[in-house]
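Hi,

Here is the structure I promised to pass on.

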Amino acid sequence: MRFEGSSDYVATPDLMLAVNAAITLQRPLLVKGEPGTGKTMLAETVAAALGLPLLQWHIKSTTKAQQGLYEYDAVSRLRDSQLGGEHGNRVHDISNYIVKGVLWQAFSAESPTVILIDEVDKADIEFPNDLLRELDRMEFYVYETRELVKARHRPIVFITSNNEKELPDAFLRRCFFHYIKFPDKETMQSIIDVHFPGLKKTLIREALEVFFELREIPGLKKKPSTSELLDWLKLLVAEDIPPEALRAKDQKAAIPPLHGALLKNEQDVHLFERLVFMARQNR
């Protein structure tokens, strides 16, 4: 299996190389990059391109590694034992109370799958280490049923991280790593063409100029991302905003129209307004 890109996702040559390297090595692909650079969408795109089912595991701060394998619902078993009747008959088979997690579903699938472990750095620091054995050996033991679950097919595993926490060295050794660089103007143009084919070139040119100028402002608390640029363009088209309006000469128009799609906190809005004011004062 080789990933050769997709018409719906602009994958740079180095990104495609990383995906295929991870497939060849049969190791998880750890993908880092700024929020909004398409890390999650990469797994969805690869699954669709290779014709494989996708199993997604979105990590939260309370997520435990065990949940990816299975969970034993002891509360339901106790309730059924108290109710008796048909419910009581279920109690004798403990497997009725085993809930399969994403990894178990992938291991038992009749064909290869793609697994997305999204935002692994949100969980406890021990979370990645707790998955080392299962991801390495592709098997785990179910103590309640005394069953060893082995993967029929080794899944293609994507793990995303926003760098909120450092990941353990032992975990990193078992992954192939790729950092998605923020797109340059040429790549961003290609991304826009995928999402908005036929959009006026003048509007794209002005929007990109404003967007990259915003990202270069020193001291910006949150730089606008690719997904936010696409949201902004969608709004500009919906509201029929002309390209010339993106660089209004009116002294009161300190920031571009519909800027709420790009600037997401008041500190950044005030910073941009001050910079525009100072630039006009120095003319």
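The largest pocket has a volume of about 600 Å³. This is a predicted model, so to speak of local features I needed pLDDT of at least 70, and side-chain atom pairs count only at pLDDT 80 or more, while totals for chains, interfaces and linings use all residues. Residues are numbered from 1 along each chain as its sequence is written, and side-chain values use heavy atoms, with hydrogens and water left out.

The pocket

A pocket here is an open set of points on a 1 Å grid over the protein atoms alone, with protein on both sides within 12 Å along at least five of seven lines, and a lining residue has an atom within 4 Å of a point. Grid points are joined across faces, edges and corners, and a volume is the space filled by probe spheres set on the points. There are 32 lining residues in the largest pocket, and Y9, G36, T37, G38 and K39 lie nearest its centre. By class, the lining has 12 nonpolar, 12 polar and 8 charged residues (Ala, Val, Leu, Ile, Met, Phe, Trp, Tyr, Cys and Pro count as nonpolar, Asp, Glu, Lys and Arg as charged, and the others, Gly among them, as polar).

Helix 1 (13–25), helix 2 (39–50), strand 9 (176–180), helix 10 and helix 12 each supply at least two residues of that lining. Helices (H or I, at least four residues) and strands (E, at least two) are DSSP runs, numbered from the N terminus.

G38 sits in the loop between strand 1 (29–33) and helix 2. Is G38 buried or exposed? At 17% relative accessibility, G38 counts as buried (buried is under 20% relative accessible area, exposed over 50%, partly exposed in between, with a 1.4 Å probe and protein chains only). G38 and T226 are 188 residues apart in sequence, yet their C-alpha atoms are 8.2 Å apart in space.

The cores

The largest nonpolar core has 31 residues, and M188, I192, L229, W232, L233 and L246 have the most contacts inside it. Such a core is a set of buried Ala, Val, Leu, Ile, Met, Phe, Trp, Tyr and Cys residues joined through side-chain atoms within 4.5 Å. Helix 10 (185–195), helix 11 (201–215), helix 12 (226–238) and helix 13 (266–281) each supply at least two of its residues. Helix 11 gives the most, with 8 residues. A second, separate core of 30 residues includes V102, F127, F140 and L167.

L246 is in contact (heavy atoms within 4.5 Å) with L203, E206, A207, V210, W232, L236, I241, P256 and P257, leaving aside its neighbours within four places in sequence.

In helix 11, the buried residues are L203, I204, A207, L208, V210, F211, F212, L214 and R215. Its 15 residues should span 21 Å at 1.5 Å a residue, and its end C-alpha atoms are 21 Å apart, which agrees. The expected span is 1.5 Å times one less than the number of residues. Helix 12 has 13 residues and reaches 18 Å from its first C-alpha to its last, close to the 18 Å expected. In helix 12, T226, E228, L229, L230, W232, L233 and L236 are buried, and the buried residues pack against helix 10 and helix 11.

The cavity

How many cavities of 30 Å³ or more does the structure hold? There is 1, where a cavity is a set of grid points at which a 1.4 Å probe fits but cannot get out. The largest cavity has a volume of about 30 Å³ and is lined by P28, L131, L132, L135, F171, R174 and C175. That lining divides into 6 nonpolar, no polar and 1 charged.

Some loop residues

Most residues other than glycine have a negative phi. E119, in the loop between strand 5 (114–118) and helix 7 (127–130), has a positive phi near 60° and is partly exposed, with a relative accessible area of 22%. N163, in the loop between strand 8 and helix 9, has a positive phi near 65° and is partly exposed at 43%.

E164 lies in the loop between strand 8 (156–161) and helix 9 (169–173), and counts as exposed at 53% relative accessibility. Leaving aside neighbours within four places in sequence, E164 is in contact with D121 and K122.

Cheers
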